[in-house]
Amino acid sequence: MYIYDSTLRDGTQCEGISFTVLDKIKIAKKLDCLGVDYIEAGNPGSNPKDLEFFKEAKKVRFKHAKLTAFGSTRRANVPVLEDKNIQALLDVDTPAVAIFGKVWDFHVTDIIRTTLGENLHMIYDTVEYMKSKDKEVIFDAEHFFDGYEANKEYALKVLKTAVEAGTDWLVLCDTNGGTFPSEIGGTVSYISSLFDVPIGIHCHNDCDMAVANSIIAVENGAVQVQGTFNGYGERCGNANLTTIIPNLQLKQGRRCISEGHMIDLTDVSRYISELANLSHDSHMPYVGNSAFAHKGGMHVDAIIKNPRSFEHIYPELVGNQRRILMSEVAGRSTILSKIQKVAPWVTKYSEETQKVIDRLKQLEYDGYQFEGAESSLELMIIRALGMEKTFFDVKDFKVICEDHWESEYNASAVIKVAVDGVDEITAADGDGPINALDKALRKALEIFYPQLKSIRLTDYKVRVLDTSYATASKVRVHIETTNGKVTWGTVGVSSNIIEASWNALVDSIEYFLYHEDKLNIIQN
């Protein structure tokens, strides 16, 4: 199988995503290390940012992937040598080019407004010209499945024209994302039988079937799959490579990337979501934070006995990990599994187990909920067992809110901390009291723990627990934090929203420092 990634072009069309040139270079390097075969990096004829990327990319040595420039066929009634976009494709000097051409007769006559015959000439001239320049040509048959349904004869003429011009690939595109797997399978099988040129598939996700359509296309003859990481793309997105790659390789034995790099899949997925500045979808198969999360007591009991009972693969194969969630449906085995992560010698009926259970029940009664905040739970167990290490003491803090609400900073915080007997007092402005506290605490602690510069908050949620007390109600604050590789959740509860936020914030930092300390001990 050949994996063709278009995150750097299709992915940037996702609402809310705008990669910088440096972001795109970083992502391209990650994809190359992972082992994708093609990286479609942008359209040099469409915008200056893509031109700048290709200029910078020339300084990068790609070990595996072929950098690919994307562009249209020549314009109607414009000679290929005079088309500026075609020349821009050549100027960036990539080993491969992706040329998209119109297949749907409706698009030819009503959208680009030319004749069906001229459209065929546009395709032939462009592909032939690119081949004369020693480029590997990937012909994207845009709107192929809609065009094939509307006018089979013309759709096949388009493919035949590209083949006669010398294209190296025929990629069948479900550009509107509205085709069903049953249609994709039969059509790809038929097209594969007609041409000696290898077939690719490019699916959009408007019916939530892009992954299924890509898989069934492969089962019927496609040997190249186009898609994006995390399914990013315009409208509902593109086919999600983070699902397609393990589906094909782990389930069907079709090699997509080297086996040694499959364990990097989750890391690359989360890295790209970080650079996209989007929350990583926790419910994505394989790479999501909840992909191997277990909550029900009977399920957890079965998982502990044998993971195969409720997991279709071992999470470690894709670089993910199993998570046992604490909830109202969790059993004693669930709690024990959490305790044993910290204290492996503790048994189901140990005194320590009962001590943790009693503390857990009290906290839940007070309004704590540890589902999604397993880091606070782990810290609670450490404290309950007397195993905590003091990384810092907060001696005092003060928060001041002012009435200029519309200014950039409307709050300030002053914090005094002590680390190993050394005091540090810092202040910071923030957009609200919690932001000010967060900044001030980090500013103080980074003097002692510079590694804290790598972490940041990615989510902050507040829930009122009992509205009958109005503004005096207890609130539960959930904070999500990441260092770009791992994400963890912490929780705080209080009738004072600042105190609840503060507790969750402190837990998030202590959890990070605790695990950094453990790692240092192991390495030394």
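Predicted model: local features only at pLDDT ≥ 70, side-chain atom pairs only at ≥ 80, totals over all residues.
**Around Thr 167**
- Thr 167 sits in the loop between helix H7 (152-165) and strand E6.
- Its relative accessible area is 5%, so Thr 167 counts as buried, the cut-off being under 20%.
- Beyond its neighbours within four places in sequence, Thr 167 touches Val 127, Val 137, Ile 138, Phe 139, Ala 162 and Val 197.

**Aromatic pairs**
- The model holds twelve aromatic pairs.
- One of them joins Tyr 2 and Trp 169 edge-to-face, with 5.4 Å between the centres and 70 degrees between the planes.
- This pair bridges distant parts of the chain, since Tyr 2 belongs to strand E1 (residues 2-5) and Trp 169 to strand E6 (residues 169-174), 167 residues apart.
- Trp 169 is buried at 6% relative accessibility, whereas Tyr 2 is partly exposed at 39%.
- Tyr 2 and Trp 169 also belong to one aromatic cluster with Tyr 4 and Tyr 38.

**Charges over rings**
- Arg 9 lies over the face of Phe 70, 3.5 Å from the ring centre.
- Lys 30 lies over the face of Tyr 271, at 4.7 Å from the ring centre.

Technical notes
Residues numbered from 1 in each chain as written. Heavy atoms only, no water. Phe/Tyr/Trp six-rings, centres within 6.5 Å; stacked < 30°, edge-to-face > 60°. Helix = DSSP H or I, 4+ residues; strand = E, 2+ residues; numbered from the N terminus. Buried < 20%, exposed > 50% of the residue type's maximum accessible area, 1.4 Å probe, protein only. Lys NZ or Arg CZ within 6 Å of the ring centre and 35° of its normal. Contact = heavy atoms within 4.5 Å.
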